[in-house]
Amino acid sequence: MSRPIYAQINLAALRHNLAQVRALTLDSRVFAVIKANGYGHGIVRVAKQLASADGFAVASLDEALILRQNGFLHRILLLEGAFQPDELSLIEQHRLDLVVHSPHQVDWLLDYQPKSPLKIWFKIDTGMHRLGFDLVSFSQSMLKIRNALPKLKLNLMSHFASVTESQAFTDLQLETFNQACIDYNLPKSIANSAAIQRLPQTHFDWVRPGIMLYGAGIDPSLQSRFKAVLTFKTQLISLKWIAEGETVGYGQTWTAPRRSLIGVAAAGYGDGYPRHAPNGTPVLVNGQRVLTVGRVSMDMITLDLTDMSAQVAIGDPVTLWGEGLGVDEVAEKAGTIGYELLCGITQRVPIQELDSEVQDDDR
C-alpha cells in the first residue's frame, strides 16, 4: 500500500478560471503562463485544459519544445528569451515568440539574420530592474532591429513589480511604459495576474495570467469567481492523547496547554509541505479547520484535534491546501507565497485528475 498523500487536480477548474480571465479582459488576447511545469500542475496537462488560450508563455526553449512535441500549435512566448545564440535556429523552426530583453540578444539576432518574420517582444525595464532595456538602450536597439531586420514582427512588453503593494510605484511603471511605447504603433503587454484583476487600463493587446489560472493570488472581491485547481490531500495515520505540559515534535517547539489529542497526518517537507510552517498553520480535517503543532517533519505533521476528539478517526481526510483552504493562506502563515507551495510538491506525491464542472458561488 502506498502512503495516502496525493494531489488532486480539477481539470474543469482550469478551464473555468481561463473563462473568468476572458470575462475580465474583454478584447485582450491571452498568453496563459504555464512555465515551471505548469506551476507544478504538469505542463502538458495544463496546456490541454487551457487550449482555448491564444497562446502560452513559458520560461525557456525546452519548455516550448515539450509543447510542440505534444502537438500544440499555439503561439508560445519565451519569457526569458534565448539563453544562447545557437537556440535561434530552433526558435525560428518552431515559430516561437521571442522576448528580447538585453543588447547581447539583439546582437545575436543581427548575427543570425532570421529568414522568417519572427515575432519579437522587446522587454522594457520600467522599474523592476530584473530583465529589460532601459529607455535609452531600448530606443537604440529598436532602431538597429528595424533597420537591419525589417521583416520581424515587433511587440512591446514590460512587467509589474508590486501591483498589490504599491499603487504609486505601479502608476510610475505604467507611465514609463506608456511613454516608451508612444512612438510605436505595436502590440503591447504588461498585465500579469494582479494587474488583470485590479488594473483594467493595463490590459492592452495581450494579458499574461499565471497564478490566477490555478485559483491562487485572487483579489478578495473576485474570490468567488475562481476555483482552486490543486487540492493537496492526505489522511490521519495516528491519534494520541498527551498530558498537559507534554511537548510535540522535534525541538519541543509546542507544549500542550491542556490534555490534548494529537493527530498525525502523512505529509511533510519530503512531499512539499513547507518545513518552516509554524505552530498554528491551518489544515482541514473532515472539512473542519484545525491547527498544526510542533515542527514539520520529513513525512509527518502533527495536529491539535482536542476540540473535535469525538469526530475523528484513523484514515480521516486531511486537506493541506486547495478546495476549502486557499494555498495563499497557508503560504502566508508559512512566510512564503502560494507560487512556491504549488511548484514545490515533490515527485513522490501521486497526481489524481478530477474533471468536475464548477460554478460561481454567487450565481
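Predicted model: local features only at pLDDT ≥ 70, side-chain atom pairs only at ≥ 80, totals over all residues.
Me: Why is Ile301 called buried?
Reply: Its relative accessible area is 2%. Buried means under 20%. So Ile301 counts as buried.

Me: Where is Ile301, and which residues does it touch?
Reply: Ile301 sits in strand β16, residues 301–304. Leaving out residues up to four places away in sequence, Ile301 touches Gly263, Val264, Ala265, Ala267, Tyr273, Val283, Thr292, Val296 and Leu320. Contact here means heavy atoms within 4.5 Å. Take Ala265: it is 36 residues from Ile301 along the chain, yet the two C-alpha atoms are separated by 5.4 Å.

Me: What makes helices α6 and α7 roughly parallel?
Reply: Helix α6 covers residues 103–112 and helix α7 covers residues 135–148. They pack at an angle of about 10°. Angles under 35 degrees count as roughly parallel. Therefore α6 and α7 are roughly parallel to each other. Their axes lie 10 Å apart.

Me: Which residues make the contact of α6 and α7?
Reply: From α6 come Val106, Asp107, Leu109 and Leu110. From α7 come Ser141, Lys144, Ile145 and Ala148. By class, these are five nonpolar, one polar and two charged. Asp and Lys count as charged, so Asp107 and Lys144 are the two charged residues.

Me: Which residues of helix α4 are buried, and what do they pack against?
Reply: Helix α4 spans residues 61–69. Its buried residues are Leu61, Glu63, Ala64, Leu65, Leu67 and Arg68. They pack against helices α2, α3 and α5 and strands β3 and β4. Just after α4, Gly71 takes a positive phi of about 90°.

Me: How do you know where empty space is left?
Reply: Rolling a probe the size of a water molecule over the atoms shows it.

Me: What is the volume of the largest pocket, and what lines it?
Reply: The volume is about 980 Å³. The lining has 36 residues. Nearest the centre lie Asn192, Ser193, Ala194, Ile211 and Tyr339. Helices α2, α9, α10 and α11 each supply at least two residues of the lining. By class, the lining has 16 nonpolar, 10 polar and 10 charged residues.

Me: How much space lies in the second largest pocket, and what lines it?
Reply: About 470 Å³ of space lies there. Its lining has 24 residues. Closest to the centre are Lys227, Ala228, Gly322, Glu323 and Gly324. Strand β1 and helix α10 give two or more residues to this lining. The classes are nine nonpolar, nine polar and six charged.

Conventions: Residues numbered from 1 in each chain as written. Heavy atoms only, no water. Buried < 20%, exposed > 50% of the residue type's maximum accessible area, 1.4 Å probe, protein only. Helix = DSSP H or I, 4+ residues; strand = E, 2+ residues; numbered from the N terminus. Axes fitted to C-alpha atoms, helices over the stretch in contact; angles between N-to-C directions. Parallel < 35°, antiparallel > 145°, perpendicular 65-115°, else oblique. 1 Å grid on protein atoms, 1.4 Å probe; cavity = no way out; pocket = protein on both sides within 12 Å on 5 of 7 lines; lining within 4 Å. Points joined across faces, edges and corners; volume = space filled by probe spheres on them.
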